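Student: Could you take one chain and look closely at how its parts meet?

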Amino acid sequence: MTLSPIARLASVTQGYGSHRIIENLDLSVYPGVTGLLGPNGAGKTTLFRTLSTITPPWSGHVELFGQPVDGERQARRARRRIGYLPQDFGFYPAFSIADFVRYCAWLREVPAKNADSMTREALGAVGLADRAQDRMKSLSGGMLRRAGIAAAIVGAPSLLLLDEPTVGLDPAQRLDFRELIRSLALAGTAVVLSTHLVEDVGAACDTVLVLNEGRVLHSSTPLQLAELADLAAPGDNPLERGYMTVLGGHRVNGGSSS
Amino acid sequence: MNAYLIELRRSPLLTALPLLVVVDLVVLFGRSRYWIGVWPEASVAAQVVTIFLGPLLAAVSAWQAGRSSRSGMPETVLAAARPLWRIETARLAATLTLGLAAYVIGCLTAAGFSLSEAGPGFLWPSYLLLGMATLVIFASVGHLAGRWWPSAAFTPIVCALGCFISMLALPIKFNVLAGPPDQRLQPLPVALRLLFALALAVLAVTAPPLRRSDEVQMRRQKTAWHIRLVAVGSAVVSLTSLVATSAAGELRVDRPAAAVVPLCGRAEKGSPEVCVWPEHRKYLPELTLMAQRLDQSGSWLKSPQSFHEFGLRRTDLGDRGFDIAEGHVRTAAIAMADGVFAKSLGRCSPPPERERVWQAMDNIRLWLEYRSMGQDPSVSDKGLHMQGVEAAQNEATRASRASESEQRKWLAKERSYILQDSAWCTADDQI
């Protein structure tokens with residue numbers, strides 16, 4: 001039996017103004033955790049904005065949950081099932097954490113009758129249940145990030161897009177976070193996770209994509225990426241070296257895919 | 001509903017609500033008190049607060065609307081399934097709810113204070129609707145400005161000042177300052193202002209966002225065509241209703257006397273009857289006493305059988321009714337004294353060079369005014385700014401403080417100046 005993708009990009013070209021950032025990209029996202037690695041400017045955030053339907057592609061096709069996204073109506077329908085934590089996620093400082101998460105649930109059109117219970121569930125999942133009434137402005141960086149994750153996962157989205165979610169989390173919180181996304185993936189959610197922390201990918205992801213200059217250089221399991229490691233490549237562990245090998249090869253080869 | 005309640009709970013206006021209510025009540029009671037017990041005046045007093053509440057609401061609305069951009073929320077909002085207009089509607093509705101709550105508290109206070117004295121009736125809805133339209137207009141303008149220019153300080157300040165100045169300077173009036181019962185608001189201009197307010201509110205939530213410099217390059221999904229249509233439609237209706245408002249004529253017009261049964265009374269049997277608009281019920285006892293005092297001013301002076309308040313007997317030749325200006329019955333004394341003078345001596349027009357005759361006419365009129373008030377002239381003239389009649393004031397004051405017999409002598413002498421030539425005075429048909 002063939003597993004159908006939650007999200008599929010076919011020949012997508014995308015950019016801002018006249019600047020092309022993603023070019024002719026083909027990508028399929030399946031249930032499980034997909035890690036997105038790449039240097040700054042590789043197009044990770046642009047890819048997230050395309051997957052979250054914020055920006056329509058210049059060309060190519062986006063398909064989410066088996067349906068093509070050709071306009072605002074289809075995009076809105078898809079957004080109900082997408083949880084998105086932007087890299088620089090905003091928040092209303094005067095809101096309590098619970099209100100912020102509930103507000104995000106409302107934005108995603110989570111049915112009102114479930115909103116409260118799902119908010120509690122999301123806050124519990126990130127360990128903020130006992131701080132639910134704290135104001136957002138009173139939170140530390142790590143707690144803000146956790147509130148952002150709660151806002152992204154509220155309502156049990158089918159596709160969860162997390163742009164650098166572990167920034168500001170301490171080691172224990174990062175372990176909890178990995179556990180959380182693994183459990184979401186087990187429940188059938190497709191999680192796409194962008195990070196510069198390769199160990200997060202190694203520990204939590206089923207698939208890893210290496211992105212550079214708007215193109216997928218490599219797609220495999222973390223183990224397979226680690227196996228590619230050139231012993232001379234910089235890095236503290238096989239996965240890091242594998243990543244650097246892929247990137248290095250791309251640079252040496254002038255952009256060819258591994 | 002969920003987001004509306006959250007916006008309501010987290011709005012800075014909720015914290016500021018007690019302050020808004022205090023401003024409301026300070027304006028209500030600090031400006032004047034004569035509105036208490038007069039329904040249209042109480043309605044206007046409750047509505048006048050929009051002069052301050054409107055700009056304040058515009059500022060807060062601008063601040064609230066710009067908060068999304070300032071807080072870095074646009075990306076989250078753009079990724080939302082909920083359409084933008086719903087998000088903006090929840091925010092504007094929360095601002096309006098709290099602004100209108102302060103307004104309604106003021107209205108209810110005005111009603112509560114008037115209830116015992118004013119008699120049948122209630123606050124006039126037209127004035128309250130006018131105030132509501134003003135608040136919605138300014139909150140909507142602030143919301144739209146805040147969405148387009150999300151500065152935390154500049155936009156709210158410009159909105160507040162702009163709204164305040166526009167209220168004073170624009171030819172289209174957003175409020176009225178007095179509500180005498182002989183006047184009423186025209187339904188059409190009020191309805192047009194309400195339409196303008198509604199269209200602006202719709203425009204404020206459906207208008208597409210302006211792209212900020214840091215967002216210029218981000219291409220977005222297009223807004224649904226029907227929302228764009230609503231935005232364009234509301235902009236057209238806003239402009240049309242604004243033009244129509246300025247073309248709709250006066251906001252306040254004469255109230256037809258035929259529409260009401262005047263409230264009439266007399267101090268005692270045989271005294272002149274005094275008729276007022278029903279809303280001026282609280283002044284009737286004092287006015288009937290004034291009429292009674294005038295009736296007793298001397299055997300040769302004739303008092304009209306009745307006195308009518310301004311507006312109750314309009315004729316093509318004008319209206320000689322008495323006026324109660326800003327709660328002062330002293331202004332009614334002027335018209336009443338003139339009525340007695342005209343009934344007794346007719347309408348007099350001596351040659352301009354006969355200054356003493358003109359002086360005598362002023363003297364008698366003022367003396368009658370003082371008589372009607374039943375107070376010492378220094379008391380009855382208090383707060384009344386009379387210019388050009390100082391000589392008459394002095395003479396009438398001196399006369400009214402004299403004994404009754406001396407007053408009679410003084411009056412006879414003054415009268416004799418006027419009666420030197422019978423051609424100077426003619427009977428007044430209107431009395």
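What follows goes from domains down to one pair of helices.

Tutor: This is a predicted model; local features need pLDDT of at least 70, side-chain atom pairs count only at pLDDT 80 or more, and totals for chains, interfaces and linings use all residues. Residues are numbered from 1 along each chain as written, with chains lettered from A and ligands numbered from 1 in written order.

Take chain B. It has domain 1 (2–214 + 221–255) and domain 2 (262–426), with bounds from an automatic or database assignment. Their C-alpha centres lie 46 Å apart. In their contact (C-beta atoms, placed from the backbone, within 7 Å), domain 1 of chain B gives 14 residues and domain 2 of chain B gives 9. On the domain 1 side, helices H3 (39–48) and H6 (84–118) of chain B each give two or more residues. Helices here are DSSP runs of H or I, at least four residues, numbered from the N terminus. That domain 1 side holds 6 nonpolar, 4 polar and 4 charged residues. Asp, Glu, Lys and Arg count as charged; Ala, Val, Leu, Ile, Met, Phe, Trp, Tyr, Cys and Pro as nonpolar; the others, Gly among them, as polar.

Now zoom in on two helices. H13(B) (355–373) and H16(B) (404–418) pack at about 135°, axes 8 Å apart. Axes are lines fitted to C-alpha atoms over the stretch in contact, and angles run from 0 to 180 degrees between N-to-C directions. The pair is therefore oblique: not under 35 degrees (roughly parallel), over 145 (roughly antiparallel) or 65 to 115 (roughly perpendicular). H13(B) contributes residues including Arg356(B) and Ile364(B), while H16(B) contributes Leu411(B), Glu414(B), Tyr417(B) and Ile418(B). By class, this contact has 7 nonpolar, 1 polar and 2 charged residues.

Conventions: Contact = placed C-beta atoms within 7 Å.
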